[in-house]
Amino acid sequence: LWQHCPDVEGGLHHQKRIPGKDKRRVDQNPELQNLLLDNFFKSAVESCQDSWRRAISTGVQVGIPMPCFTTALSFYDGYRHDMLPANLIQAQRDYFGAHTYELLASPGKFIHTNWTGHGGSVSSSSYNA
């Protein structure tokens, strides 16, 4: 994908231009939590995003397995959002295991819903396996 990316740092990206930049970026900023937070890599990934998505879409449409590309894109999409809709997952966890969930309108307040109307007071706790 790098070869199809627009100019980020003088000319088209080529794979040979990327190696080494990651180490230099971390050396320059040892507190860097993720390379996606570095301006160079952030800009490079943002500028390639459309091509990345098109490549995955094309592969999926013609039946080519692309587990690494799709997983990386899912990670990227999750990483760049402060909040994502995980309400269905939380509701399923609470329904099947009484794990509770936190209401966005009441931060710090965790509740359990008796989804079926059957059973008693159910709660979840931690345990050592």
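Buried means under 20% relative accessible area, exposed means over 50%, and partly exposed lies in between. Keep these cut-offs at hand. The model used here is predicted.

**Exercise 1. Classify aspartate 77: is this residue buried, exposed or partly exposed?**

Step 1. Take the relative accessible area of aspartate 77, which is 21%.
Step 2. Recall that buried requires a value under 20% and exposed a value over 50%.
Step 3. Aspartate 77 is therefore partly exposed.

**Exercise 2. Find the salt bridges and say which residues they join into one network.**

Step 1. Count them. The whole structure holds 2 salt bridges.
Step 2. Take the pair of arginine 53 and aspartate 77. Their closest N and O atoms are 2.5 Å apart. The cut-off is 4 Å, so this distance qualifies as a salt bridge.
Step 3. Arginine 53 sits in helix H2 (residues 39-61), and aspartate 77 sits in helix H3 (residues 67-79). The two are 24 residues apart, and the pair links distant parts of the chain.
Step 4. Take the pair of aspartate 77 and arginine 80. Their side chains form a salt bridge at 3.2 Å, N to O.
Step 5. Look for shared partners. Salt bridges that share partners join Arg53, Asp77 and Arg80 into one network.
Step 6. Arginine 53 has 26% and is partly exposed. Arginine 80 has 43% and is partly exposed too.

**Exercise 3. Classify two of the aromatic pairs by the angle between their ring planes.**

Step 1. Note the total. The structure has 5 aromatic pairs.
Step 2. Start with phenylalanine 75 and tyrosine 79. Their ring centres are 5.5 Å apart, and their planes meet at 25°. Planes under 30 degrees apart count as stacked, so this pair is stacked.
Step 3. Locate this pair. Both residues lie in helix H3, 4 residues apart, which is about one turn of the helix.
Step 4. Phenylalanine 75 is partly exposed at 48%. Tyrosine 79 is partly exposed at 34%.
Step 5. Go on to tyrosine 101 and tryptophan 115. Their ring centres are 6.1 Å apart, with planes at 40°, so the pair is tilted.
Step 6. Locate this second pair. Tyrosine 101 is in strand E1 (residues 101-102), while tryptophan 115 is in the segment after strand E2 (110-111). The pair therefore ties together parts that are 14 residues apart in sequence.

**Exercise 4. Which residues form the largest nonpolar core, and which element supplies its largest share?**

Step 1. List the members. The largest nonpolar core has 6 residues: Leu36, Val45, Trp52, Ile56, Leu73 and Tyr76.
Step 2. Assign them to elements. H2 and H3 each give at least two residues to this core.
Step 3. Pick the main supplier. H2 provides the largest share, 3 residues.

**Exercise 5. Describe the protein as a whole.**

Step 1. Count the elements. The protein has 4 helices and 2 strands.
Step 2. From the N terminus, they run α-α-α-α-β-β.
Step 3. State the buried share. Of the 129 residues, 19% count as buried.
Step 4. Turn to the contacts. Among those between residues at least 6 apart in sequence, 34% join residues at least 24 apart.
Step 5. Finish with the surface. The accessible surface comes to about 9,900 Å². Carbon and sulfur atoms account for 55% of that surface.

How values were computed: Residues are numbered from 1 along each chain as its sequence is written. This is a predicted model: local features need pLDDT of at least 70, side-chain atom pairs count only at pLDDT 80 or more; totals for chains, interfaces and linings use all residues. Side-chain values use heavy atoms; hydrogens and water are left out. Buried means under 20% relative accessible area, exposed over 50%, partly exposed in between (1.4 Å probe, protein chains only). Contact means heavy atoms within 4.5 Å. Accessible areas come from the Shrake-Rupley method with a 1.4 Å probe; for residues, only the protein chains shown count as cover. Rings of Phe, Tyr and Trp (its six-membered ring) pair if their centres lie within 6.5 Å; planes under 30 degrees apart count as stacked, over 60 as edge-to-face and the rest as tilted. A nonpolar core is a set of buried Ala, Val, Leu, Ile, Met, Phe, Trp, Tyr and Cys residues joined through side-chain atoms within 4.5 Å.
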